[in-house]
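Subject: Structure handover

Hi,

Here is the structure for you to look over. My notes follow below it.

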Amino acid sequence: MAEEKILAALKEEVGREPVARQLGLILEAVTPGQARVRLSTGPQFTNVLGLVHGTAIFALIDEAFQAAS
């Protein structure tokens with residue numbers, strides 16, 4: 001029950017964070033020391049090689065680290 005409340009509160013915070021909103025980052029799960037964040041990719045996130053841009057990947061990592069901490 002307490003974990004569900006924490007996850008709900010963190011999801012709200014992520015939902016209000018401007019960068020997370022702009023990138024469409026979604027916090028899916030969080031437990032002490034761990035978090036899972038989802039990013040739906042598309043052409044707006046690709047680099048010149050057609051791969052997901054490092055900036056998007058690092059933003060995803062940063063969001064997960066923030067939630068897990």
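I start with a charged pair: the side chains of E13 and R16 meet in a salt bridge, 2.4 Å from N to O. Keep in mind that this is a predicted model. E13 and R16 both sit in helix 1, three residues apart, or about one turn of the helix. E13 counts as partly exposed because its relative accessibility is 45%, between the cut-offs of 20% and 50%.

R16 has another partner. Its side chain also meets that of E12 in a salt bridge, at 3.7 Å, N to O. R16 and E12 are four residues apart in helix 1, so about one helical turn separates them. R16 is partly exposed at 48% relative accessibility. E12 is partly exposed too, with a relative accessible area of 48%.

The whole structure has four salt bridges. One of them joins the side chains of R38 and E28, at 2.5 Å, N to O. This pair links distant parts of the chain: R38 is in strand 2, E28 is in strand 1, and they are ten residues apart. R38 has a relative accessible area of 36% and is partly exposed. E28, at 29%, is partly exposed as well.

Now the core. The largest nonpolar core has twelve residues: L7, V14, A20, L25, L27, V30, V37, L39, F45, A56, A64 and A67. Helix 3 gives the largest share, three residues. For L27, contacts beyond four places in sequence are L7, L10, K11, V14, A35, R36, V37 and A67.

Next, H53. It lies in the loop between strand 2 (34-38) and helix 3. Its relative accessibility is 36%, so H53 counts as partly exposed. Leaving out residues up to four places away in sequence, H53 touches F45, T46 and N47. A polar atom of the H53 side chain lies 3.0 Å from the backbone nitrogen of T55. H53 and T41 are twelve residues apart in sequence, with 9.7 Å between their C-alpha atoms.

Last, the surface. V52, I57, F58 and I61 form a nonpolar patch there, with about 360 Å² of accessible area together. F58 belongs to helix 3. At 59% relative accessibility, F58 is over the 50% cut-off and therefore counts as exposed.

Best wishes

Definitions and conventions. Residues numbered from 1 in each chain as written. Predicted model: local features only at pLDDT ≥ 70, side-chain atom pairs only at ≥ 80, totals over all residues. Heavy atoms only, no water. Core = buried A, V, L, I, M, F, W, Y, C linked by side-chain atoms within 4.5 Å. Buried < 20%, exposed > 50% of the residue type's maximum accessible area, 1.4 Å probe, protein only. Helix = DSSP H or I, 4+ residues; strand = E, 2+ residues; numbered from the N terminus. Contact = heavy atoms within 4.5 Å. Polar contact = N/O pair within 3.5 Å; in protein donor to acceptor, adjacent residues only side chain to side chain. Patch = residues over 30% accessible without salt bridge, like charges linked within 9 Å, V, L, I, M, F, W, Y side chains within 5 Å. Areas by Shrake-Rupley, 256 points an atom, 1.4 Å probe, with all protein chains shown as cover.
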